[in-house]
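Trainee: Could you take me through this model? I would like to begin with strand pairing.

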Amino acid sequence: MSEIETLFGVLRQSADAPVVDMLERMVREGPDHALCKINALHLARTAKLGEEQVIAGLLHAVGLGILEMTWNVMCPSCAGVLSANKSLKTVNSPQYHCAFCAAGYETTLDNLVEVTFAVSPRVRRIAAHNADELPLAEYYRQVFWSSAIELPPDLDGLLRELTLESVDLPPGERAILSLQVQPGMLIVFDPVTHTAQYIEVKGEETAERQTLSLIFNKSEVPVDAVSLRPGPLRLTLENRTDGRVLPAVWVMNQRLDDLLTRRKPSLTAKRLLTNQTFRDLYRTDTLAIGQRLKILSLTFLFSDLKDSTGLYEHVGDLVAFDLVNEHFRLLQEIIASEQGAVVKTIGDAVMATFETPDRAIAAAIRMREAMSELGAQRQHQGLLLKMGIHEGSCLAVTLNGQQDYFGQTVNIASRVQGLAASRAIVVTEAVVDNAETRTLLDAGGLNPTRRSVALSGIADKVSVYEIP
């Protein structure tokens with residue numbers, strides 16, 4: 001039996017069989033570019049498999065050394081990868097700058113950081129493992145652009161239409177290009193060093209040769225624009241790095257805009273952090289101690305068993321312990337199925353996160369019904385959940401040795417849960433204002449009741465809604 005057969009045999013013990021079959025076919029038969037920057041959501045869609053099942057399969061494959069995982073900081077404008085990281089621990093800059101777009105972005109985990117997967121060289125060597133040997137179009141496809149951009153099959157042909165000239169420049173070498181420039185905007189860009197130079201061509205045409213020089217090194221320099229007149233241009237490019245560079249002169253037109261705005265869903269860092277399989281596998285090895293990464297929008301759900309102390313007194317420790325454990329199992333199963341994750345348990349309480357408010361609401365409604373059914377089965381009608389939900393910004397941090405969250409949003413969610421009566425789900429205005437939440441509630445015929453309350457530590461009163 002080969003090593004690949006052995007590895008995939010082990011993978012079948014932890015991942016869904018259709019997902020494992022798909023991954024094994026990809027590794028054995030897929031083209032090189034399909035095994036670099038694997039987009040979990042796009043893969044699930046094209047294979048007609050569940051997103052959570054595909055994500056779980058990919059994560060387990062990483063654990064076995066079949067795949068490698070990369071956290072890409074990507075430009076939301078051009079989808080270029082600004083920084084590729086083997087761990088979230090090295091995403092440590094407060095801001096990232098895209099030279100191609102001449103724009104800077106605050107580091108957040110919502111849409112700026114995507115997670116992709118690539119086959120391990122231990123299992124199969126692909127062209128991207130030797131990126132210095134990739135031709136220009138494939139370097140853009142497999143290295144520069146993120147998995148969120150929808151690239152055409154004939155990328156090489158399209159890039160030829162968009163570029164006046166390109167060069168593969170070895171380290172320490174210099175190239176001189178002779179160009180005839182027309183009115184419009186040009187950009188000289190190298191995807192290896194992320195060096196850019198904008199050129200605005202305007203005014204009367206000249207027969208006199210114009211000159212421009214650009215040096216490529218590892219130093220980040222401000223992106224500026226120079227003005228030239230239509231006519232001949234002598235462009236000198238010098239590579240002062242210890243690797244090759246791939247500068248090209250791009251024509252900035254509608255074709256380029258159309259290319260850069262084609263998008264497909266990708267797996268964001270925020271979504272992966274709210275995935276139960278990821279938390280189970282990487283609970284203590286996600287963020288560095290003291291590292292803080294901002295999330296603009298995350299939904300928190302807190303739940304607590306009503307009068308759990310009375311339950312122990314009423315039925316005894318052994319029966320109560322069994323009921324509480326079964327309650328935790330059911331809740332985690334429901335939370336995971338709604339694309340959420342349990343962050344931690346505190347006594348009989350659960351803290352969970354969801355990417356969007358509607359998924360938290362859907363989970364809460366199912367959790368409430370599951371507790372009613374469990375109580376009926378075990379003849380303990382007092383097995384009731386109190387739940388609170390809030391959405392807002394927060395910080396992803398490491399607390400007590402595991403990945404956790406910090407901020408006022410977490411505090412409010414916890415305190416809102418304290419307002420809940422038995423079987424009540426209490427949510428904040430931010431949750432019910434979500435369009436998907438309203439659709440979900442309307443479909444279920446649920447009409448939340450609003451009230452204004454004071455929360456400890458919050459200066460102003462807060463509007464909360466109780467879902468009957």
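Mentor: In strand S12, Leu-233 is the bridge partner of Leu-179. The model is predicted, with local features needing pLDDT of at least 70 and side-chain atom pairs counting only at pLDDT 80 or more, while totals for chains, interfaces and linings use all residues. Residues are numbered from 1 along each chain as its sequence is written, and side-chain values use heavy atoms, leaving out hydrogens and water.

Trainee: How many bridges join S7 to S12?

Mentor: There are 8, and S7 runs antiparallel to S12, residues 231-239. Strands are DSSP runs of E, at least two residues, and helices are runs of H or I, at least four, numbered from the N terminus; two strands pair if DSSP finds at least two bridges between them.

Trainee: What is the strand order in the open sheet of 3 strands?

Mentor: The order is S7-S12-S10, with mixed pairing. S7 (174-181) and S10 (210-216) each have a single partner strand, so one side of each lacks a neighbour in the sheet.

Trainee: Changing topic, which residues of helix H1 are buried?

Mentor: In H1 (residues 3-11), Ile-4, Leu-7, Phe-8 and Leu-11 are buried, meaning under 20% relative accessible area with a 1.4 Å probe, protein chains only. They lie on the same side of H1 because they cover an arc of only 95° around the axis, taken from the directions from the helix axis to the C-beta atoms.

Trainee: What do they pack against?

Mentor: The buried residues of H1 pack against helix H2 (17-29) and helix H4 (51-63), where contact means heavy atoms within 4.5 Å.

Definitions and conventions
Buried means under 20% relative accessible area, exposed over 50%, partly exposed in between (1.4 Å probe, protein chains only).
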